[in-house]
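Hello,

Here is the structure I promised to pass on. Please have a look, and then read my notes below.

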Amino acid sequence: MTNHWIDLQHSDVILIQGSNAAENHPISFKWVMKAKERGAKLIHVDPRFTRTSSKADVYAPLRSGTDIAFSGGMIKYIIENEKYFKEYVVNYTNAPFLVNDKFDFNDGLFSGYDPGTRKYDKATWTIKKDANGIAEKDPTLQDPHCVFQLLKKHYSRYDMETVSKITGTPVKDLQTVYELYSST
C-alpha cells in the first residue's frame with residue numbers, strides 16, 4: 001500500500017491477508033471500520049481466527065505458508081472471469097508488452113536456469129523493442145508472448161481444487177472470497 005491508511009475509509013472491499021490488523025494496527029484499523037460503516041465488505045484470510053476475523057464479513061482460514069497459492073488462485077479467477085479493468089490493464093501496466101520469444105517456464109523454473117550453478121541467465125527475460133527502443137505491445141492482450149498471456153499461463157495450474165488442497169481453504173470459501181474481492 002503506497003497511500004495513507006486514511007484512504008481505507010473510501011474502500012468498497014478490503015482484503016486483509018496474514019495479519020491481525022485489528023490488534024496489531026488499531027489506529028489504522030479504525031479506517032477499515034469507517035469503510036465498513038459506509039457499507040464496505042471486509043475479508044480476512046489468516047490461519048488464526050482473531051479479532052480481525054471477528055470483524056470481517058468473510059473469514060477464510062488457510063494453512064500457514066500457503067498465501068502464494070491462495071493469491072495465485074485469485075489471479076487465475078480474476079483473469080478467467082474477466083474481473084479486471086481491461087482499459088487500465090492495457091494502458092497503465094506492462095500486461096500488453098511483448099516478451100522475448102525464447103522466454104518460457106516449466107514446472108516452476110523459468111528459461112535460462114542452470115542446474116549446475118542453480119542460477120538464472122536472464123537474457124530471455126527481456127521485453128521486445130522496436131527500432132526506436134520502444135516496447136512492442138499487443139493492446140488486444142491475445143499475443144502468446146504478451147505479459148498478460150504469460151501471466152495467465154503461469155497461473156493456469158491454480159484451479160480452485162488445487163488451491164484448496166494446498167491451502168486447506170474449502171472451495172466454497174475460495175469462491176466467496178474471489179468473487180467478493182473482484183466485485184470492485
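A charge sits over a ring if NZ of Lys or CZ of Arg is within 6 Å of the ring centre and within 35 degrees of the ring normal. By that rule, the charged end of K153 sits over the ring of F105, 5.1 Å from its centre.

Before going on, please note that this is a predicted model, where local features need pLDDT of at least 70, side-chain atom pairs count only at pLDDT 80 or more, and totals for chains, interfaces and linings use all residues. Residues are numbered from 1 along each chain as its sequence is written, and side-chain values use heavy atoms, leaving out hydrogens and water.

F105 also belongs to a cluster, linked by ring pairs, with F103, F110, Y113, Y120 and W125. Rings of Phe, Tyr and Trp (its six-membered ring) pair if their centres lie within 6.5 Å; planes under 30 degrees apart count as stacked, over 60 as edge-to-face and the rest as tilted.

The structure holds 15 aromatic pairs. One of them is edge-to-face: F70 and Y178, at 5.5 Å centre to centre with 75° between the planes. This pair links distant parts of the chain, since F70 is in helix α4 and Y178 in helix α8, 108 residues apart. (Helices are DSSP runs of H or I, at least four residues, numbered from the N terminus.) Is F70 buried or exposed? F70 is buried, at 0% relative accessibility, where buried means under 20% relative accessible area with a 1.4 Å probe, counting protein chains only. Y178 is buried too, with a relative accessible area of 0%.

Best wishes

Conventions: Helix = DSSP H or I, 4+ residues; strand = E, 2+ residues; numbered from the N terminus. Buried < 20%, exposed > 50% of the residue type's maximum accessible area, 1.4 Å probe, protein only.
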